[in-house]
Protein chains: 2
Amino acid sequence: MNDTKQSERRRAFHREGDAFCWDGVDVLEYKEAGSAPFKSVTRSVLFEEPELGFQWRYFEVGAGGYTTLERHEHVHAVMIVRGRGTALIGTGIHPFAEFDLFRVPPMTWHQFRASDEGAMGFLCLVPSERDRPQLPTQDELAELKRNPDVAAFLNRR
Amino acid sequence: MNDTKQSERRRAFHREGDAFCWDGVDVLEYKEAGSAPFKSVTRSVLFEEPELGFQWRYFEVGAGGYTTLERHEHVHAVMIVRGRGTALIGTGIHPFAEFDLFRVPPMTWHQFRASDEGAMGFLCLVPSERDRPQLPTQDELAELKRNPDVAAFLNRR
């Protein structure tokens, strides 16, 4: 068994400054800058298994940061593994802490926000073949914000 | 949106005594007693997504416990989320700690052991449709133990 094979079997966790990192796993931009609204998010692809049909990612959100408000046909399976925050799933607002689980059903608006106190990180499982996320139109955003709790969630910047 | 839908979206983490648990997720026996050698292991199915083709499980291993030494055609994607221990993957012996990753290739002998100091827990992603694990024959076990490090690993009880 050579070194290459061994390194494929184990990827050790470490920290670089405050960030969660893994040996041999690049910390990527979350999305192309300007392509969608988000704040302080990085992306690490932990397992890419096209023959098994899934991609297992880690997203890290800095204190006060947030992922893009979006929806899509594919389902998200999520586990929080670091920090605290609040999630919008549909019109439900869910405070969360380490190891809480979320399932985002198809075509459901969702956004994950870190608390202002520190970084937040979550695992997210998605199918390898998946549709592109949709951003809300102005009308859809206005409709969402008719719910005052949702408006308060979305208006935090 | 009714309560049922909300509970499908979020499953809060909590502890029952020392054990990691999630709302609405049963803590199951690892395997039928006597069906295979193991010690102090429970299983929780966090996400069951047959239409997406994967099952996301959490396994908890008590101090000094171990999973079954086995192999199978399907790949395991693993993240340690609690405690410390040592893994055998093929003939490689890997000490591990929280958030380390493992990929177990097809038909590769593997076993995860908790340290004697405390419980260990890991996430394990597998395809929904998968072959049954194989146990080593006496000959295969003898062959594995020709490697003294592997023998020392396997002989701990």
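In strand β12 of chain A, Gly121(A) is the bridge partner of Glu60(A), and this pairing belongs to a predicted model in which strand β6 (residues 54-66) of chain A runs antiparallel to strand β12 (residues 120-127) of chain A, the two being joined by 8 bridges. Chain A contains 3 helices and 12 strands, and 33 of its residues are in contact with 33 residues of chain B.

**Strand pairing within chain A**

- Strand β12(A) is also joined to strand β7 (residues 76-82) of chain A, by 5 bridges and again in the antiparallel sense, and within this pair Val78(A) has Cys124(A) as its bridge partner.
- Strand β8 (residues 85-89) of chain A pairs with β11(A) over 5 bridges, likewise antiparallel, and here Ile89(A) stands opposite His110(A).
- Strand β11 (residues 110-114) of chain A is largely enclosed by the rest of the structure, because 4 of its 5 residues are buried.

- Taken along the principal axes, the C-alpha atoms of chain A fill a box of roughly 60 × 35 × 30 Å.
- Of the 157 residues in chain A, 32% are buried, and among the contacts with a separation of 6 or more, 62% involve residues 24 or more positions apart.

**How the two copies are related**

**Contacts between the chains**

- Where chain A and chain B meet, 33 residues of chain A are in contact with 33 of chain B, and the side contributed by chain A comprises 19 nonpolar, 6 polar and 8 charged residues.
- Strand pairing also crosses between the chains, as strand β10 (residues 101-104) of chain A is joined by 2 bridges to strand β1 (residues 10-11) of chain B, in an antiparallel arrangement.
- In this pairing, Phe102(A) stands opposite Arg10(B) of β1(B).

**The nonpolar core**

- The largest nonpolar core has 68 residues, and those with the most contacts inside it include Trp56(A), Val78(A) and Met79(A) from chain A, and Trp56(B), Val78(B), Met79(B) and Leu123(B) from chain B.
- Leaving aside residues up to four places away in sequence, Trp56(B) touches Ala77(A) and Leu125(A) of chain A, together with Leu46(B), Phe47(B), Leu123(B) and Leu125(B) of chain B.
- In soluble globular proteins, nonpolar side chains tend to be buried together.

**Ala19(B)**

- Ala19(B) lies in strand β3 (residues 19-22) of chain B, and it counts as partly exposed because it has 14 C-beta neighbours inside 10 Å.
- Not counting residues up to four places away in sequence, Ala19(B) touches Val27(B) and Glu60(B).
- Ala19(B) and Gly92(B) are 73 residues apart along the chain, and their C-alpha atoms are separated by 29 Å.

Notes: Residues numbered from 1 in each chain as written. Chains lettered and ligands numbered in written order. Predicted model: local features only at pLDDT ≥ 70, side-chain atom pairs only at ≥ 80, totals over all residues. Contact = placed C-beta atoms within 7 Å. Nonpolar A, V, L, I, M, F, W, Y, C, P; charged D, E, K, R; others polar. Pairing = 2+ DSSP bridges. Core = buried A, V, L, I, M, F, W, Y, C linked by C-beta atoms within 7 Å. Buried ≥ 20, exposed ≤ 12 C-beta atoms within 10 Å, placed from the backbone.
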